[in-house]
Amino acid sequence: GAIYNLAGPHASTDIPSLQGAKLALRAINYRGGVLGEPLKIVAKNGFSCEKKLDAIGEWFSYKDAIPLVFGLSHSDMLLAAAPRILERKKIFVSSGVRDENVLKTFPRGLFFTSFSAQRQGQSLAMFAKRRLNAQTVLIISKANLKESFQLAEHFSKKFSHLGGTLL
């Protein structure tokens, strides 16, 4: 199963994450799936709403054919959706949350796939400077989202350190 916010303030990170998951799924199925069976994604839209995410978490918790749920890139959204899923001894893999305190809240069954905002920002800056040969960049970020602000901050520091100019 998959839970992503495809609308609202968290859509800007969750939509690309779902697209990446679908791309990975196509690659897995192209190679024969898992144990010879194709995989499919049962995706639900949380609409960046904690009440909606809680209801989706409960829905997934009772779907015995779905042992694993993934998605969600923001801590507050994960904290709304994951408890019911994890209570039923299922696995939740977050595609973007990086807050170690969330892992302490759920020590069993919760996994993170993403790197820290620092590492992501630095990697993006190195790619822009070295691969794209970018000399000057303009960063547009959502200032009220902690993760977006941190990513932009780390990108800026590394890009400047590499000799790039920020507008």
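Reader: Why does Leu72 count as buried?

Author: In this predicted model, Leu72 has a relative accessibility of 0%. The label buried applies under 20%, so Leu72 counts as buried.

Reader: Where is the place of Leu72 in the chain?

Author: Leu72 sits in the loop between strand E3 (68-71) and H3. Its phi is positive, about 65°, although Leu72 is not a glycine.

Reader: Which value of phi does Leu35 have, and what makes Leu35 exposed?

Author: Phi of Leu35 is near 55°, a positive value in a residue other than glycine. Leu35 belongs to the loop between helix H1 (11-30) and strand E2 (43-45). Its relative accessible area is 86%. Exposed means over 50%, and therefore Leu35 is exposed.

Reader: Why is Lys90 called buried?

Author: The relative accessible area of Lys90 is 9%. As the limit for buried is under 20%, Lys90 is buried.

Reader: Where is Lys90, and what does it touch?

Author: Lys90 is located in the loop between H3 and E4. Not counting residues up to four places away in sequence, Lys90 touches Phe60, Ser61, Lys63, Asp64, Ile66, Pro67, Ile85 and Gly109. From Lys90 to Leu110 the C-alpha to C-alpha separation is 8.9 Å, with the two residues 20 apart in sequence.

Reader: What makes Arg98 partly exposed?

Author: Arg98 has a relative accessible area of 22%. Buried is under 20% and exposed is over 50%, with partly exposed in between; Arg98 is therefore partly exposed. The loop that holds Arg98 runs between strand E4 (91-94) and helix H4 (100-105). Arg98 and Ala117 are 19 residues apart along the chain, and their C-alpha atoms are separated by 7.5 Å.

Reader: How many residues of the chain count as buried?

Author: Of its 167 residues, 36% count as buried.

Reader: Which residues touch the most other members of the largest nonpolar core?

Author: Ile3 and Phe92 do, in a core of 19 residues. Helix H2 (50-61) and helix H3 (75-87) are the elements that give two or more residues to this core. H3 gives the most, with seven residues.

Reader: What is Phe92 in contact with, leaving aside its neighbours within four places in sequence?

Author: Phe92 is in contact with Ile3, Val69, Phe70, Gly71, Leu72, Leu78, Ala82, Ile85, Leu86, Gly109, Leu110 and Phe111.

Reader: At what angle do the axes of H2 and H3 cross, and why is H2 described in relation to H3 as it is?

Author: The axes cross at roughly 25° and come within 7 Å. Angles under 35 degrees count as roughly parallel, which means H2 is roughly parallel to H3. The crossing of these two helices, H2 and H3, is right-handed.

Reader: Which residues in H2 meet which residues in H3?

Author: From H2 come Glu50, Leu53, Asp54, Gly57, Glu58, Phe60 and Ser61; from H3 come Asp76, Met77, Ala80, Ala81, Arg84 and Ile85. By class, the residues of the contact of H2 with H3 are six nonpolar, two polar and five charged.

Reader: By which residues of H5 and H6 is the contact made?

Author: H5 brings Ala117, Gln118, Gln120, Gly121, Gln122, Leu124, Ala125, Met126, Ala128 and Lys129, and H6 brings Gln150, Leu151, His154, Phe155, Lys158 and Phe159. The contact of H5 with H6 has eight nonpolar, six polar and two charged residues.

Reader: How many helices and strands does the chain have, and in what order do the elements run from the N terminus on?

Author: The chain has six helices and seven strands. From the N terminus on, the order is β-α-β-α-β-α-β-α-β-α-β-α-β. The C-alpha trace spans about 55 × 35 × 30 Å along its principal axes.

Note on methods
Residues are numbered from 1 along each chain as its sequence is written. This is a predicted model: local features need pLDDT of at least 70, side-chain atom pairs count only at pLDDT 80 or more; totals for chains, interfaces and linings use all residues. Side-chain values use heavy atoms; hydrogens and water are left out. A nonpolar core is a set of buried Ala, Val, Leu, Ile, Met, Phe, Trp, Tyr and Cys residues joined through side-chain atoms within 4.5 Å. Buried means under 20% relative accessible area, exposed over 50%, partly exposed in between (1.4 Å probe, protein chains only). Helices (H or I, at least four residues) and strands (E, at least two) are DSSP runs, numbered from the N terminus. Contact means heavy atoms within 4.5 Å. Axes are lines fitted to C-alpha atoms, for helices over the stretch in contact, and angles run from 0 to 180 degrees between N-to-C directions. Angles under 35 degrees count as roughly parallel, over 145 as roughly antiparallel, 65 to 115 as roughly perpendicular and the rest as oblique. A crossing is left-handed if the near helix is turned anticlockwise from the far one by less than a right angle, and right-handed if clockwise. Ala, Val, Leu, Ile, Met, Phe, Trp, Tyr, Cys and Pro count as nonpolar, Asp, Glu, Lys and Arg as charged, and the others, Gly among them, as polar.
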